Amino acid sequence: MRRFIAVLLLAQLLGACYAHERKNYVVHLEPRDDVGTDAVEVWHRSFLPEATLQSSPDGGPSIIYSYTHVLTGFAARLSDEEADALRSRPGCLRLYPEQFLPLATTHSPGFLGLHLGKDGFWSRSGFGRGVVIGLLDTGILPSHPSFGDAGMPPPPKKWKGACEFKAIAGSGGCNNKVIGARAFGSASVNSTAPPVDDAGHGTHTASTAGGNFVENADVRGNAHGTASGMAPHAHLAIYKVCTRSRCSIMDIVAGLDTAVKDGVDVISFSIDASDGAQFNYDLVAIATYKAMERGIFVSAAAGNAGPAVGSVGNGAPWMLTVAAGTTDRAIRTVVRLGNGQEFDGESLFQPRNNSAGRQLPLVFPGAGGDPDARGCSSLPDDVKGKVVLCESRGISEHVEQGQTVNAYSGAGMILMNKPEEGFTTFADAHVLPASHVSNAAGAKITAYIKSTRNPTASITFRGTVMGSTPAPAVAFFSSRGPSKASPGILKPDITGPGMNILAAWAPSEMHPEFVDDISLAFFMESGTSMSTPHLSGIAAVIKSLHPSWSPAEIRSALMTSSDTADHAGVPIKDEQYRRASFYAMGAGYVNPSRAVDPGLVYDLAPNDYVPYLCGLGIGDEGVREITHRRIECGKIRAITEAELNYPSMVIKLLSQPITVRRTVKNVGKASSVYTAVVDMPKEVSVTVRPPMLRFNKVNQRQSYTVTVRWAGKQPAIAGVEGNLKWVSPEHVVRSPIVVPPAQAVV
């Protein structure tokens with residue numbers, strides 16, 4: 001009996017301890033107009049007993065951040081009891097437990113048509129001069145030459161940011177290129193230099209967006225050339241909100257809050273956010289709404305969860321949601337089989353001493369169907385001196401698969417894609433001679449192994465190959481629409497280069513890139529993390545040329561000028577080499593030279609999103625949580641998603657015709673005439689009224705309607721895609737039109 005009582009008391013004690021264990025929360029409060037900036041922290045403290053801005057010595061509740069610009073609220077450490085008590089307090093809207101989000105992890109300027117020379121628009125634009133790009137990531141390596149300030153003007157007078165590099169002797173720091181650097185929360189646990197990159201990711205994305213010109217950039221002789229970001233003379237502001245591979249939501253909100261307060265013009269967000277939460281439950285969506293309200297353009301990663309349908313994240317319509325595509329550069333390998341068949345592949349590791357350069361025995365451990373053996377998680381002892389065929393286990397495990405083959409003394413590895421990965425291949429830093437080949441090539445190699453008793457193969461290296469086709473194509477991992485939070489807005493918005501991108505690098509013990517541990521100044525990475533800063537930099541170039549344009553106008557310019565045809569003039573393909581849908585690539589692949597002069601733009605003021613939010617059915621409180629002000633949807637004419645003045649159109653067509661209205665603004669020649677040209681499949685009829693728009697001055701606005709109806713029998717399964725183009729002698733302003741599959745219409 002005594003033993004039972006003792007156990008019971010211990011359980012109660014442990015339960016009490018657990019109840020008092022403190023966790024991190026983001027606390028969302030009702031906005032108050034009567035609280036000045038200086039009094040915000042005092043107001044926040046009033047919600048907590050004995051709260052301080054730092055950890056309380058007695059372990060009591062504590063405030064970590066007071067948010068002032070992108071969220072009404074604060075981050076705090078609370079016990080379960082304190083959190084429950086706070087939820088019941090008047091003025092408290094919601095508590096969000098701390099969540100960790102993952103990172104969405106030289107040739108690209110040329111591939112996009114950005115060339116040096118006095119006659120090019122890139123040079124005429126000043127390379128983004130005067131614009132501040134804020135990057136929320138893992139920090140940067142400040143001493144990297146990509147962050148030198150040659151040719152850079154001083155920071156703009158509006159700049160209010162701080163620099164935490166200034167105390168670092170001999171390691172670089174803030175200058176006219178990097179004008180601010182801050183670290184937040186768990187990301188700042190680095191006593192030497194808080195905003196210094198410990199993962200490489202932030203250095204890579206920052207240099208892609210706005211890195212300065214660096215000659216003779218390469219990775220061990222591959223992809224040699226002059227490296228630069230999209231906006232090489234834009235200023236950079238660094239917000240370290242991630243440590244290595246994870247990012248705390250409370251640090252992210254703090255970084256966004258500080259970036260808005262500091263005065264950035266563009267926010268680059270290569271972090272994989274929610275793919276389905278309602279916007280009023282999505283702290284990134286809430287915070288970026290306030291950034292947009294301040295005139296800040298937000299470029300965000302679509303995510304790396306493709307090709308699954310409905311996997312796109314960062315899907316709020318006030319953000320540009322960026323998908324990832326390929327370029328025409330390959331780091332070529334060639335697999336030659338014993339029967340003479342050859343298959344192109346890729347690998348960044350191309351050793352001169354090639355142990356697999358001659359015909360060697362070829363084995364496939366997974367021939368019997370064992371999934372572990374197919375992925376080379378387990379290998380037999382008899383692979384020594386042989387070329388081993390392995391099936392991809394996922395993009396983050398390719399190098400590890402080669403390490404396993406190498407540990408068993410295999411001479412080389414052929415890495416074949418799974419069916420869903422299609423033709424997307426990576427130039428990875430393998431540890432042995434390797435070739436990453438497509439699923440189609442892998443199927444033929446597998447068939448060859450089955451066809452002969454003594455299969456053989458060799459792997460040879462061809463280095464950098466330009467003109468690889470088809471290009472561009474959508475990468476398999478790039479997340480796909482429709483958006484779960486708002487399926488009536490086409491997401492992603494656009495595609496940019498995101499495959500095998502060369503950019504600045506910050507070597508670390510976590511990333512010994514090659515087996516010989518050579519330190520690298522540049523490295524190749526893939527992901528929507530890489531495509532996002534391309535669009536951030538291009539947006540900075542547009543902002544530099546058109547400083548008065550709103551975030552919506554910049555987004556419109558990027559989308560309506562994008563390409564749907566590849567460099568061979570045929571429709572852009574997806575990872576299966578099928579025609580890419582708008583749910584895969586958004587409006588198309590970015591074309592910067594046309595985006596700076598789009599002719600017409602679709603604008604949206606912050607208040608224009610309110611009827612749309614009311615139409616989502618999230619209620620007055622939901623709209624208030626996003627807009628930070630009281631909204632009565634009953635007194636507003638709510639609109640459907642299709643009625644938002646967005647550059648693309650998703651028409652949920654049932655039996656009756658649907659008519660939507662759009663308004664465009666002339667940003668081209670004062671006297672301009674545009675004619676409507678509709679390109680839609682025969683199953684759908686589209687009528688545009690008026691069919692012609694005439695402008696006689698710059699910034700003049702004109703409206704038109706689009707009526708969509710079934711031309712014949714309503715399709716039961718397949719969706720329909722097409723385009724509306726407004727065509728003048730100088731411009732083609734294209735808007736995608738998507739009629740979702742019948743089962744997706746709700």
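**Disulfide pattern and sheet architecture**

In the protein chain, counting the bonded cysteines along the chain gives the disulfide pattern 1-2, 3-4, 5-6, 7-8. The structure is a predicted model, in which the count comes to four disulfides. A disulfide is a covalent bond between the sulfur atoms of two cysteines.

One of these links joins Cys163 to Cys174, with a distance of 2.0 Å from S to S. The link of Cys163 and Cys174 is right-handed, with 95° about the S-S bond. Both Cys163 and Cys174 lie in the loop between E6 and E7, so the pair ties together parts that are eleven residues apart in sequence. Cys163 has a relative accessibility of 15% and counts as buried, because buried means under 20%. Cys174, in contrast, is partly exposed, its relative accessible area being 29%.

A disulfide is also formed by Cys376 and Cys390, whose sulfur atoms are 2.0 Å apart. The link of Cys376 and Cys390 is left-handed, with -95° about the S-S bond. Cys376 is placed in the loop between helix H9 (371-374) and strand E19 (387-391), and Cys390 in strand E19, so this pair ties together parts that are 14 residues apart in sequence. Cys376 is buried, with a relative accessible area of 0%, and Cys390 counts as buried at 0% relative accessibility.

Cys614 and Cys633 likewise form a disulfide, and their sulfur atoms are 2.1 Å apart. The torsion about the S-S bond of Cys614 and Cys633 is about -80°, so this disulfide is left-handed. Cys614 belongs to helix H16 (residues 609-615), whereas Cys633 lies in the loop between helix H17 (619-627) and strand E27 (649-650); the pair therefore ties together parts that are 19 residues apart in sequence. Cys614 and Cys633 are both buried.

The chain also contains an open sheet of seven strands, with parallel pairing and the order E7-E10-E6-E13-E14-E15-E23. Strand E7 (178-183) and strand E23 (494-497) are the edge strands, each of which pairs on one side only. From one strand to the next, the twist averages 25°. Within the sheet, strand E14 (residues 297-301) pairs with strand E15 (residues 320-325) in the parallel sense over three bridges. Ala300 has Thr321 in E15 as its bridge partner.

Helix H6 (residues 201-210) packs on the sheet, where it touches strand E6 (132-137) and strand E10 (235-240); the direction of H6 makes about 160° with that of E6. Helix H7 (residues 249-262) lies across E6, E7, E10 and strand E13 (266-269), and runs at about 150° to E10.

Technical notes: Residues are numbered from 1 along each chain as its sequence is written. This is a predicted model: local features need pLDDT of at least 70, side-chain atom pairs count only at pLDDT 80 or more; totals for chains, interfaces and linings use all residues. Side-chain values use heavy atoms; hydrogens and water are left out. Two strands pair if DSSP finds at least two bridges between them. Helices (H or I, at least four residues) and strands (E, at least two) are DSSP runs, numbered from the N terminus. Axes are lines fitted to C-alpha atoms, for helices over the stretch in contact, and angles run from 0 to 180 degrees between N-to-C directions. Contact means heavy atoms within 4.5 Å. A disulfide is a pair of cysteine sulfur atoms within 2.5 Å. Buried means under 20% relative accessible area, exposed over 50%, partly exposed in between (1.4 Å probe, protein chains only).
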